[in-house]
Amino acid sequence: MRTSADRASFQAAVRAAAIVFVVAWLFSDDVRAWVPVWVPIALLLAAEVEFVVRGRREAPRQRSARVPPGPEDADLGFGELVEDEHGVRLLPPPERPERRGRRLGWLIGTVGAAAIVALAAHSDRAATWTALSTETRTGTEARLTSEASRIAGRPVRVRCDDGYAFTGAGSDTLGIAFPGAHLAYLDPDVCRALYDLASGGDRRGDQRTADALVVLAHEAVHLGGERREGVTECLALQEAGPLALRLGLSEATARRILQTSLAERLSERNVIRAAYALPGSCRDGGALDRRPGDRRFPF
């Protein structure tokens, strides 16, 4: 009986730790980069399989006759009336023995969950834009300004929106350009992704890299004078290829991730992004193809 209760407590602790691990895996880019997708799935599946298998292997409980309250019911207030030379008095039952196995299981689960959460929080904090030194951020902004000026064809400025004044969760915008001021603001996550690419750091996914490249190129095209969003997006996809090479990405990888990015944009049916839909001329040999003899579009 006690073994079964201890095993149930241990299983509950393992399940709790597994759930916390899966949550950390879902919300932490670094944990996802280190741990393959099959690990959290296998962890939860193993816990459930063990529960089912061990439960089936247990012998069924035998029905027993009702017995009066015993020591295990001490916390319910039961006791025993005894009579001695001093009269009749209540003799309280002994204290219920402490179940160390249950507490140990929950302690292990709690410590493991806390360690995973702390690791995920630390990893995510280290991967943010603000975790970089002031000198590094200033140098990165100068590099992005240079690249944007090259795409725009005139001097412009790029700033990373540290205070989320124009970008981020409040506006759901990754970049915004002010052509009249020759200035563009980028979401800090975009700046960090471009820094990781240029510095040879962990890119943490092709989609993140491709999106960051296209966002910078998109705002640079706006600063160059183009106002139409769909046309700007098409030109940005083409400018993102040479930009990727200048920031250190291999040609094969740049072509692959931009081809994927183009396919995703062509298949997109989001009403909110309808203004960014690629026009029909955004194709190989089309009116918006800046390298019509290349035969590889967008790069």
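**Two helices in contact**

Analyst: Thr136, Thr140, Arg143 and Leu144 of helix 5 meet Cys191, Leu194, Tyr195 and Ala198 of helix 6, where contact means heavy atoms within 4.5 Å. By class, this contact of helix 5 with helix 6 has five nonpolar, two polar and one charged residues. Ala, Val, Leu, Ile, Met, Phe, Trp, Tyr, Cys and Pro count as nonpolar, Asp, Glu, Lys and Arg as charged, and the others, Gly among them, as polar. The model is predicted: local features need pLDDT of at least 70 and side-chain atom pairs pLDDT 80 or more, while totals for chains, interfaces and linings use all residues. Residues are numbered from 1 along each chain as its sequence is written, and side-chain values use heavy atoms, without hydrogens and water.

User: At what angle do the axes of helix 5 and helix 6 cross?

Analyst: Two packed helices are described by the angle between their axes and the distance between the axes. Here the axes of helix 5 (residues 134-152) and helix 6 (residues 188-199) come within 10 Å and cross at roughly 85 degrees. That makes helix 5 roughly perpendicular to helix 6, a term for angles of 65 to 115 degrees.

User: Which residues of helix 9 are buried?

Analyst: An α-helix has 3.6 residues a turn, so residues three or four places apart point the same way. The buried residues of helix 9 are Thr253, Ala254, Arg255, Ile257, Leu258, Ser261, Leu262 and Arg265; buried means under 20% relative accessible area, exposed over 50%, and partly exposed in between, with a 1.4 Å probe and protein chains only. They pack against helix 7 (206-223) and helix 8 (229-246).

User: Is Ile41 buried or exposed?

Analyst: Ile41, in helix 3 (residues 38-57), counts as exposed because its relative accessibility is 54%. Ile41 and Val22 are 19 residues apart in sequence and 8.1 Å apart in space, C-alpha to C-alpha.

User: What share of the chain is buried?

Analyst: Buried residues make up 37% of the 299 residues in the chain.

Note on methods:
Helices (H or I, at least four residues) and strands (E, at least two) are DSSP runs, numbered from the N terminus. Axes are lines fitted to C-alpha atoms, for helices over the stretch in contact, and angles run from 0 to 180 degrees between N-to-C directions. Angles under 35 degrees count as roughly parallel, over 145 as roughly antiparallel, 65 to 115 as roughly perpendicular and the rest as oblique.
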